[in-house]
Amino acid sequence: MFQLVILSNQQHIDLANLSLNSEQMGLPKSIPVAVQQCCLVGGKQAGSRLITLTVGDAVVRIVPTRGMAILDVIKNGSRFGWDSPVKEVVHPSFINQEAAGGLGWLDGFNEMVVRCGYQWSGHPGQDGDEFLTLHGRIQNTPADEVILEVEQTPPYRVTLRGRVDEKRFKFTNFELQTMLSLTPDEPYLTIEDTLTNKGSYAREYQAIYHNNFAQPILENGAQLHVPVSELSPFNDYAIAGLSDWNQMPAPTEGFDEMVFNIRPLSDEQGLSRALLHNAKGTCGIEVTYQTQTLPVLTIWKNTDTEEQGYVVGIEPGTSFAYNRSYQRELGLVPTIDAGESKQFYVRFGLFTQEKQVTESREHIEALQKMQSLKVFTKPLVKV
Amino acid sequence: MFQLVILSNQQHIDLANLSLNSEQMGLPKSIPVAVQQCCLVGGKQAGSRLITLTVGDAVVRIVPTRGMAILDVIKNGSRFGWDSPVKEVVHPSFINQEAAGGLGWLDGFNEMVVRCGYQWSGHPGQDGDEFLTLHGRIQNTPADEVILEVEQTPPYRVTLRGRVDEKRFKFTNFELQTMLSLTPDEPYLTIEDTLTNKGSYAREYQAIYHNNFAQPILENGAQLHVPVSELSPFNDYAIAGLSDWNQMPAPTEGFDEMVFNIRPLSDEQGLSRALLHNAKGTCGIEVTYQTQTLPVLTIWKNTDTEEQGYVVGIEPGTSFAYNRSYQRELGLVPTIDAGESKQFYVRFGLFTQEKQVTESREHIEALQKMQSLKVFTKPLVKV
Amino acid sequence: MFQLVILSNQQHIDLANLSLNSEQMGLPKSIPVAVQQCCLVGGKQAGSRLITLTVGDAVVRIVPTRGMAILDVIKNGSRFGWDSPVKEVVHPSFINQEAAGGLGWLDGFNEMVVRCGYQWSGHPGQDGDEFLTLHGRIQNTPADEVILEVEQTPPYRVTLRGRVDEKRFKFTNFELQTMLSLTPDEPYLTIEDTLTNKGSYAREYQAIYHNNFAQPILENGAQLHVPVSELSPFNDYAIAGLSDWNQMPAPTEGFDEMVFNIRPLSDEQGLSRALLHNAKGTCGIEVTYQTQTLPVLTIWKNTDTEEQGYVVGIEPGTSFAYNRSYQRELGLVPTIDAGESKQFYVRFGLFTQEKQVTESREHIEALQKMQSLKVFTKPLVKV
């Protein structure tokens, strides 16, 4: 096993700019594995780091300074991710989450995988004595103990870990161990995160994996496949979109966003999956997740213009995107005990072949056949 | 044309400390042109950059990390700028604009040219659903794509550009291209900024060029000359100062600030100008601006003690300094269409000769003769 | 005198990582004096600096980027300080003091000596027009002009200075000159801070020296000795703890914190002292302070679990820990005139011998004998 400590407060290591190829990691030269890290410059990028992993025909860009977010993946020439109006990889020191009524998080929002949590996630607003900012703090927290591991024998699995702390004296003592991994020969990128409550008292927590995709998958005629137990519109605006919630339009001026809440079906392994594929079904993104800890799914249909950010979010979570204050009655504000750990598993199928798309769709359809879909025509809560 | 990329996220360039003389820029050795950049250290300066341009007998200091602000100019031995109690060139990562009821901007306020805008400018406070912080966000946004250009033939114009983005997903997608230029033989420093709305929807915007001057120009007996169509006191406190609004006192304990709102007269080129000169009329600052996009002028008479910051602001803007909520009824909250650009032109005459001052004053007096001045004795709005 | 400028905006000096031994400072090789500075990395430590002074058998760690806080001291193998759930030396650019109703300060709270002030200290909340965040701004302000001085003759006093500015145009113009010193042969670490109002107007100010201690001194049976004139519970919760306010329990689940307000007795030199020693009285911390400028003492008994932060605070101040709005009627919001300076003297006795503890206790008992203790059974103010 090749191990590279990229960043460590414990070991006083901060590798800054780096570039290693497979030979330098003790792999056969023919194995297409490489790692780079770049110190970004310019504007609100100052201080940001960007790690680029090349694994097979996938190029994954990770932002350790933004909680180990995945900026995007290029797989076999297709890009997984989206084009936000926010072009910079914004360093957290330039983000004020309290700004604009708790919407400051939006100043840096542009990644494919954005973690929301873990004290809370969802819309900003008052919850009892607490004012919650949009989607929690973790995404604007720089990681520590960033470590790359590369297996030196087949399947040459590449794993990147990073620890992200969410701590406030007396209030929260969370440690998140993030892990992403992939191999040269498989079309999967896997996230296995572990949240630990290091404090002495049980705490509420929430998590949403805000995964965002656009062209070439998202286009007019692109379709979403989700095995659904219950579907409901997030708010009144989304009611009008219920009939074609899983059909994607071209970029549409004035569309803004429609959000749909889903209680998904899962298979015998406790996994559910959602698939978004392009109109022809030749490429797609499959999001597979463990419903034990991520029991619900938010579909964020933000098919506005390209300039505004044409994007669809496939977001498994502990909770929907409402402010936490609305979610206790929905049973979607879980508790983590003192010393307890919670695992979150999310696997991304980066499909660039029709066969992969078809198999995933068939798997989802088979799951849906086992139970009928219940549609609520009104939002679950009045916001 | 000599071109030097000082900072560029696109090109991964960040020159940090640098120093070039005229020969190194391909100019004749006799041409007094030089550029330096310094990485500042200490306190809240950490992370700040300071660019020093020497052009003829002018030394201009620019802060790229604070939205391309101009810290000050020393021309022919005279300083244009002021002495704020804030001595540091504060890096934006130490500024919380939401602090103290939206006044956190004041923690870094010490430059000669401070841009206020562009989503909003003016006093903090609620405007409908939005809480606006003092003078907008642009000044606490670090620039990107900072590029120096020097003409290698007469008049050897030196131009410094920097792009400053003001973006928030779903809310704003502004890009500001700043440009300042000057030549060795002229007493002018020119700002030509271009604001572009990169989003798909029209947005309100505001801009104030908060230009601030003190000694040696500002002193007891210093005078301001402005071609005025309408003059009004900003608030009740300023009513008492209407009679001598353009006469400057010595530093005055307890004076605090008086603010005057002006709708200026402009010449056939659409330019207006304001002149502040010292008691003897031997040196002065002339602020010339295009009234098409900067139709109003705020005079900020902050002639308190030297320790508090003895200073006068000559501030052309789209708007007065009121909170945005008060300015729609005044017609001072313009709109920028999707894809549209707005130009802002402000030229500083850095006068160190009596003749320059006299000519400017005569120009202004000629303009004033064409129309009589209307004075409102009450503030335009109740604040 | 050996002098080393570690950080200076004026002199453009930022020594970053450094390490000097006694010979390199012109001292005899046998004198155990050394200095190191380390640039911290990882997570929210990015940008932080840590200075380590070795003086005799004491190793003192100072954080210049957090207002010259003292992280901890190891003296003769005993640690003075505590273990906060916050493990990082958090850089101020990651702190938003306005977050969570003004509690963002808690995101970085983990030092032995934390300065609270100087515009205000105490609990967050509204005071008239101003919203005050917890314990003021100074602790999240990086120092400038950090200078080490080492006497080259006995007693080889080592002094570290740093200037920390608290400035906001029109509102505050405070400069704090911090100074800490110690010698190889004495068990004392001394802080002598000077606050200067550089503005033209008198201002209110507050200061609390939030000094925090835990194991090995703090344990079940550890005792606090304070010469008390008046004692009162901070709030209703503390009433139940009045009878054994100075007896320390083992880490106690659910204890949270009890806070006691003390008006202390002082000796003929105007000094008061508080002593916390372990159960056996073999080690302890003595906090001696000048009551002229620090007239009151807060005891913060936070003997909750180790994971939550088992710690006792011995906090001399101008004021108690209430929001400033409650303290004017208590006479605990002093004023600093224009140009005036206030000195704050706090000396830490780092006692690792029984004899030192005994002598300190006897001194305190002698002081207490001169005046009887008055106990208020109700909080001074209703919060």
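Q: This is a predicted model. Through what kind of surfaces do the copies chain B and chain A meet?
A: Compare the interface residues of the two chains. Only 7% of the interface residues of chain B are also interface residues in chain A, so the copies meet through different surfaces. The contact joins 27 residues of chain B to 36 residues of chain A.

Q: How is chain B laid on chain A?
A: Start with the general idea. Two copies of a chain are related by a rotation about an axis and a shift along it. Here the turn is 120° and the shift along the axis is 0.0 Å, with an RMSD of 0.0 Å. That is the relation of a three-fold axis.

Q: Which residue of chain B comes closest to the rotation axis?
A: Ser93(B) does, with its C-alpha at 3.0 Å.

Q: What superposes chain C on chain A?
A: A rotation of 120°, with 0.0 Å of shift along its axis; the RMSD is 0.0 Å. In chain C, the C-alpha nearest the axis belongs to Ser93(C), 3.0 Å from it. The surfaces again differ: 6% of the contact residues of chain C recur in chain A.

Q: How much area do chain B and chain A bury between them?
A: The size of an interface is often given as the accessible area lost when the parts come together. For chain B and chain A the figure is about 2400 Å², and 56% of it lies on carbon and sulfur atoms.

Q: How many salt bridges does the rule find across the interface of chain B and chain A?
A: Four. Asp107(A) and Arg168(B) form a salt bridge, their closest N and O atoms being 2.4 Å apart. Polar contacts between chain B and chain A come to 15 residue pairs, with both residues at pLDDT 80 or more. On the chain B side, strands S1 (2-8), S2 (13-14) and S13 (158-168) are the elements that give two or more residues. By class, that side of chain B has eight nonpolar, ten polar and nine charged residues.

Q: Now the other contact. How many residues do chain C and chain A give to it?
A: Chain C gives 36 residues and chain A gives 27. Together chain C and chain A bury about 2400 Å², 56% of it on carbon and sulfur atoms.

Q: What about salt bridges across the interface of chain C and chain A?
A: The rule finds four. Asp107(C) forms a salt bridge with Arg168(A), with the closest N and O atoms 2.4 Å apart. Helix H1 (99-102) and strand S23 (296-302) of chain C each supply at least two residues of the side that touches chain A. That side of chain C has 14 nonpolar, 13 polar and nine charged residues.

Q: What is the order of the open sheet of ten strands in chain A?
A: Strands of a sheet pair through backbone hydrogen bonds, either parallel or antiparallel. In chain A the order is S2-S1-S12-S13-S14-S15-S26-S22-S21-S18, with antiparallel pairing. Strand S2 (13-14) and strand S18 (223-225) of chain A stand at the edges with a single partner strand each, so one side of each has no neighbour in the sheet.

Q: How many bridges pair strand S1 of chain A with S2(A)?
A: Two, in the antiparallel sense; S1 spans residues 2-8. Leu7(A) stands opposite Asp14(A) in S2(A).

Terms used
Residues numbered from 1 in each chain as written. Chains lettered and ligands numbered in written order. Predicted model: local features only at pLDDT ≥ 70, side-chain atom pairs only at ≥ 80, totals over all residues. Heavy atoms only, no water. Least-squares fit on C-alpha atoms with pLDDT ≥ 70 in both. Contact = heavy atoms within 4.5 Å. Buried area = accessible area lost by both parts, 1.4 Å probe. Salt bridge = Lys/Arg side-chain N within 4 Å of Asp/Glu carboxyl O. Polar contact = N/O pair within 3.5 Å; in protein donor to acceptor, adjacent residues only side chain to side chain. Helix = DSSP H or I, 4+ residues; strand = E, 2+ residues; numbered from the N terminus. Nonpolar A, V, L, I, M, F, W, Y, C, P; charged D, E, K, R; others polar. Pairing = 2+ DSSP bridges.
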